[in-house]
Each structure stands twice: as structure tokens, then as C-alpha cells.
Amino acid sequence: MELATFLIQLLNSVQYGLLLFLISSGLTLVFGIMGIINVAHGSFYMIGAYLAWSLTQTLGNFWAALALAVPIAVIIGLVLEWLVVRFLYTRDLLYQVLLTYGLILMFEELRSILWGDDVRGVNIPAALDASIRLTDTLSYPVYRLAISGVCLVVAGLMYWLIQKTRVGMTIRAGSVNREMVQSLGIDVKLIYRLVFALGVTLAALAGMIAAPVSSVFPGMGNQILIVCFVVVVIGGMGSVKGALVASLLIGLVDTFGKVLHVQIGGVHLLPELASMSVYLLMAAILLWRPEGLFGKHTG
Amino acid sequence: MNSASTRAVVVAPAGHSAPALETRSLTRRFGGLTAVNGVSIRVESGTVHAVIGPNGAGKSTLVNLLSGDLAPSHGEIILEGTDITRLGPPQRSLRGLGRSYQKTNVFLPLSVFENARLAAQSRAGSSLRFFRPVLREGAINRQADEAIEAAGLSARRDRIVATLSHGEQRQVEIAMALATAPRVLLLDEPLAGMGAEESSGIVRLLSRLRERHAILLVEHDMDAVFSLADTLTVMVNGTVLETGSPASIRASAAVQAAYLGSEDTHHD
Amino acid sequence: MTHAHASRRASAPALRFLLQVLLIAALASLPWFAEKYYVQFVARIMIMGILAMSLDLLLGYTGLVSFGHAAFYGVAAYVLAMLTPAYQAAGFWTSFPIAVIGAATSALIIGFFVVRTHGIYFIMVTLAFAQMLFFLFHDTRLAGGNDGIYIDVRPDARILGWKPFNLERYDHVYLLVLVLFVLVWLFLRVLLRSRFGHVLAGIRVNEHRMRSLGFETFRYKLACFTIAGALAGIAGYLSAVQFGVVNPEFMGWHQSAAVMMMVILGGMGTLAGPVLGAAAWMLLELGFQSLPVAGSIDLGKHWQLWMGGFIVLTALLLPSGLLGAWSSLARQVSARRGAGPQTTANPMASAGKGRPLDRQP
């Protein structure tokens, strides 16, 4: 592989990995702090992408759409927590899975009613619609770099929020001992509501910024959800650090899995099998560490 | 502590081979904390070996290391001459090491009989048998009933364990341990949370069991410990302070200073 | 226990047996008086009933929440499709066992990885592996890809020249489904009373304690996962025979979730529950799909919206399923009347934990 090609693939895998991190960090936070498994998490990614598309259509500007879509995502998160999710805190995992699965069906149909079932595209905003030339024939789009940049900034903000702020300390304490936090007079309910909204917003934001490079289509949320599950299984449920490491790992394995398969050249034996590489990675990690790379060992 | 003098120290017969259970510099660290530190003890068959010490001395960790619920950081565990350090809980259990738990750890939604039967079934070879009803497995059912009787629970045989009193649930723990017919029995605070009357029942039960099992007993109730134990090990801060007969432990100045004197008022 | 009470309980099994025989006889006579559409619909309910019972073995009896159970249903269906040559029939007596063994083998392999995880990991990992199989069939040209693969001619049941039944006939398919449904039911009843079944119950209640009793629980959970996979394979094979087409949706997660919903809707940890749930689910699906057009929105076309809402409400309001709701209602009524003692009432086996072992008198 040429150096330039390698570099492009490396940048692609990092960009994909960081985007995955943006989505799966919300999934893992909501589980780690609230003890909720939310299989509808991927739907928020889809909703974000569709919001970006439809608002760009109406407003004529991607940035304006983004500025409006983020608060909408926050509101969706807050309302959803109040409406249904708060009834799940004391319930069995099974019912959490079922209820949030029911939400997926509803979101998909509402999407179909509101926005139809066609595949949509969002134009790359003009300011970032450029490429960096690597060689005479190869270049790398600026927008993809911007995606990575946004993800890194969000990751940094999250680190700061969780590790350095008073809210973050409360969140961490709340995930360790709910009763204790409650006895300190801190409103756990409010924290849960905010954390859930944060998770929804992160996934929706990922959908918004990904919309210009990946098309906007029905079922996109479910596709990404499964990969996020793999991320969380590999990284360890509840660990944000694990989600980051596992996302980047999967970005690499997925991207290079596809490329290297093409490289075999002469033998084109089911090249699509490359998409299996992430699952094989997961299987290997399960044998080695069933609780994930950074997961807490639970009896 | 009044009944200690009634029991003489049983000395292992001359030429006795390997002890029932032995540990060699057993150590377990949790992060920076060393919960069990270089513990070497010998539990001789036919005896009750009690481990006492203040809270946080590492007694429960020791039992969990012995049963395989925890893996040691280093050291060895030898059961009847065989090194079992690397074996998991199921294999240790099948080799004759039974245990009860400090926090009642039974099958609450099942009946007393079903609890004991599951325990007995674990000794009856593979349970990858798909067709014959367990109800017709005479040997298993008999063994379960014997264990229930030995634990003094015959009157409660068909009750759901969740509906029993705390003390009775502790008896179910013991019935289950017995139904696995262990040669070495690890009892982690069998009297925890019991009233005086329930306690004396369990103490009577344990003193009957000593004839057939080597028992390692962790217990805070000093009356019970001194009436049952043939050998005592005092642990403090994860290490063995002293091992000896009840009389010698009672006489030991070091033990008095470290434990008995200060803890006499607080058994918890 | 009073004498009258004891005799009432003794006669209950006999009554239940009689009812079951009558029910099977009624089901067997259906093709003689019902139209093709209804016969096929009932066959589908029974196929889903087999699938739901097989999932309940994991979910309700062992406490393993598998979110990828449709994978094995799909594998068996694909095995039949791939064994069927174009415009010719596969042999029933060879393709059926091969399909079931194929499902069992894939369950054994996937189970080897997933059974070592617990709780939430188990849910996610079963889903992920099922999706891996889904993408294997969806993205590759292994068996028709996205569009699926047709079974032009149904399997041939000829055995040494004698043809006991003809699977090109819908009524024969129905009777085959009924026979296999009853066999699976009986098999599970026997299994659950065996040593193995009791080990599963022990694992569900307290796996840690089972290990300290000397049970290598990994082995038993893997066996359970494999058996459930094989039974799901029976359902998958029958579905493929009935539809005549197999596509990746057979093993999609919507299928897995639907089966899970059937089990919970009916009541986990029972055999009648999942079957009841399957029937209720399919009737609901039919009901929602036949909703009219209201204004600019076709209510029937968007049936999944109502289904989703129904699932959300069920998860919130009906934690122990239809059977659970029924028995708690019955308990309340009998308590109000001050009737008989609740000898088998079991405080711990509430909400979704199912019934433990056979009660012994």
C-alpha cells in the first residue's frame, strides 16, 4: 500500500472511529450512570441525520440547521426521559430492552410519516467543501477532518465535564452509590434526566455531522447501533475510556479489513465478508476478557 | 466465654499424612490493600479449625480464596494432598470442598427440598440427562432428605425458602453444604444474625458434624467458637497472629492485646 | 392441606390432560372445515409458538435474555433453501435433520462465545452475532443476498417409494406443523423435569451458587443454548416450507424482538405462555395492518407505529404477561372470596422470573 493511500485510510478509520465514539459514549454513559440499556440509541443518530437534512432544506443553510437541530435533540431527550424512560430505572434489563425496542418501531414509522422512505443527501457546507492534496491523484476532503475535529472537541468537553466539574463529580458519585448522593440532597432524578438528554444529543449530533458524508436513509440508526454494541462490549459497559479505545480499534479494523481484502486481488472470495472482521474482533475479546477491555469484573 | 474448658484439644494421630486442607503463604491483594497476607494454615481431618479476628482481618477473603470464589495473588491451596489453587469453584466442590456463605446464598424461590436436591444432584454425575424426571431419581432424593434431616429441617421440607426465618435459611445453607457430602466444610459465619436460641441449635448441629467432616469455621460468636474449635487461628490485618489450642489462644498475651481484650464488647 | 383441597389438586392434571387432547383434536380437524387462509394462519401461529417456546427455554427457564434467537430460525430456513435444487424438490427426510443440525451447530458455535457473558453483555452479544449472520446473508451472494432465495418445489417426503404426506398441499403442511408443535411441547415438558431442566432452573435463580455446588454452569448453558437453537431451527424449516421463500429478514433483529415480545406477552417460564403470546402477537399484527386510511395517513401501512406503542405499554404495564395478569387476577378474586390457602404462592417467582421447579406433593 502506498503511503498516501495508507494515510487516507488511516484518516478515514480515525474519523469513523471518532464518530462511533460520539454515539457509543452516550450509550455507555446512560448505562454506567443510570443502569439503562437503550436499544433505541441508534434512532437518535437517525433522527439527527434527518433533522439535519430537513432543516437544511427549509433553512437553506447547514449551520443554521445544526443550530436548531441540537436544541431539538436536547428537548427530545428530556421529554422522552420524562415520558417513559424514568419508569425503567427499577425494571429488569429485559423490559428496558423491550420498551426501547418499541420506541425504535415508533421512531421509524414517525420518520416514514414525516420524511418518507427515500434515501436523502445533504450537501457539504460550502466553507468546508474543499480537499487537501496529498499527491497528484489523491486528496482528502476537509469536511472529514472537520468531523474528526468536532468529535475530538466533544470528547474533550466530556472529559472536562465528568472529571473536572461539580456536576461531573455528582454524576460519578451517582453511578457508584445512588442512595448516598440522594442523601446529600442532590436531585438524582434531575441528573438522570440530563444524562439521558446528553446521550440523545451526542447521538443526534453524530447523525447531523455525518449526514453530508454518509447518505440519510431509513434504518441507518439500527445499522450503527449494532456497531455501537460491539464497541461497548469490547470497551466495557459504562466505561467512556473503553468506548474511545474500542471505537478507534473498530474504525481501524473495519476500514483496513475492507482495504486489505481488496488487496488480496486475484481471489475475490466474498469480499463483503470484510464487514465481519469487527464481529470476529469482538469474539476474540470475549474469549480473552468477557467483561470488555475496561469493564469492571462482575461475578 | 464459659464452655471452652469442656473440650480437650484433639491432636492429629501419629503418622497422619496430609492435612484435610492446607494453605501455603496464601496472599490476596485488592489494589493497594493486602486483604490476606502470607497465610499458612492446616486443617486436620476430624477437627474444627476456627479462624477469628476483628473485622477486616481478612477472614471472609480467606474463605473465598479457599472456595475458589476469589483467585489468590500468590500462594497455594492444598486439599487432601492435591494442589487445587488453579481450580474453579465447581471443580473444588466436586473434590470434596463444601461451603456455606456469610450472606445467605441459596435458591430462595425453591423449596427446602429442591435446594437440597440440587446440591445432591451435583454429586450424581453429569446432569446432561434430558429425559428421566428428577422425581424418579431415588438416590438423589434420598440424599437430599438425609441432608435436610441432618440440618434439622425435616418439618420445613416443602416450604419455599424465601418464606423461612433467617435462622432457618442459614440451616438451608448447611443442608445444601451437607448434601454435597463434602469432606472439608468451609463455614463462613454460620451464626451471623441469629438469635441465641437459633444459635445454640446450629452449634449443636455443628458439633455433630465434626465427626464426619473437617471444618474450617469463621465466626464472631466467641462462645460458639470456643465450644466448638479444636484449633484456633487468630488473624489480624490479613496475617496470622497465632495458631493454637483454645486454651493457649486464650492465654496468649499477643492475642489479648490485639483482639480479645479490645473486641470483647463488640462482636459484629 | 385439607383433604378436599388435595383431591381437587389431584384431579386437576387429569382434567388438564383431557383438555389438551381435546385441543389437539380440534386443531387436527381444522383443515376439514376451515378455509385455506385460516389454516395457514393457524399453522403460522404454531410455527411461531415453537419458536417462542424455544426462546422461553433460554429466557424464562434459564434466565438467558437472548436478543438474537431468530438467527437459528433463519439458519435452518436457509439450509433448506440451499439444499433445494432449482425447480426440484429436496428430500424431506434428509433436509429436515440437516437443517435442524445446522441450526444447532451455529447455536453451539455462537453459544461458545456468548454464554460466558452475563446480563447486559449477553443481550448485546447475542444481537451482534445474529446481525453478523444477517449481514452474511444480506451482503453476500451466498444465497440470493438482500432479495432472498426461492424454494420452487417443497421438500419431498417420499420414503422408499412411499409418500406419507405431500408438502405441496397446504393442509399437509399444517398437519406436519401440528405434529412437530406437539412433539416440541412434549419434549420441553420432559426436558424441564429432568436433571438438566432442574439445573437450568438453578442457574436462573442463582448461578453463582450452582457453581459453588459443583455445577460447571458454562456447559449447561451452552447445552441449553444449543437445544434452543435446534428447536428454533425446526420452526425456521417449517416457515421456509410454508412461505416457499427465505430472506435475510428471517434472522433480522425485528424477528428476534418479535419472538421475545411473544414470550413476554404470553408469560415467561411457562410453555402455554409463549404459544398464547404468539397467537396474540399475530392477531395484533393482523389487526393493526388492517386499520383504515384516516385522512392523509394510512393507519394500516404504518402498523409498526401502533405495534411499537403497544410494546411500550406492555413493557410498562404488563410485567408478567397475559398468563401472569390472568393468574394475579384470579388470585385477587379468590382472595376476596377468602378461598383456599395459597400453598404454592411464591413471593420470589413474581414478575418475569417464571415458575421454578415441579412442586412435589
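Predicted model: local features only at pLDDT ≥ 70, side-chain atom pairs only at ≥ 80, totals over all residues.
Local features need pLDDT of at least 70 and side-chain atom pairs count only at pLDDT 80 or more, while totals for chains, interfaces and linings use all residues. Residues are numbered from 1 along each chain as its sequence is written, and side-chain values use heavy atoms, without hydrogens and water.

Consider helix 6 of chain B, residues 196-209; helices here are DSSP runs of H or I with at least four residues, and strands are runs of E with at least two, numbered from the N terminus. Its buried residues (under 20% relative accessible area, 1.4 Å probe, protein chains only; exposed means over 50%, partly exposed in between) include Ile202(B), Val203(B) and Leu206(B). Seen down the axis of helix 6 of chain B, the buried residues fall within an arc of 165°, so they line one face of the helix; the arc is taken from the directions from the helix axis to the C-beta atoms. On the other side, Ala196(B), Glu197(B) and Arg204(B) are exposed.

Chain B also meets chain C: 45 residues of chain B are in contact (heavy atoms within 4.5 Å) with 34 residues of chain C. Among the links across a chain boundary, Arg195(C) forms a salt bridge with Glu137(B), with the closest N and O atoms 2.8 Å apart; the term requires a side-chain nitrogen of Lys or Arg within 4 Å of a carboxyl oxygen of Asp or Glu.

Finally, the structure holds 0 disulfides over all chains, a disulfide being a pair of cysteine sulfur atoms within 2.5 Å. For Cys151(A), the nearest cysteine sulfur, that of Cys228(A), is 12 Å away.

Conventions
Chains lettered and ligands numbered in written order. Expected span 1.5 Å × (residues − 1).
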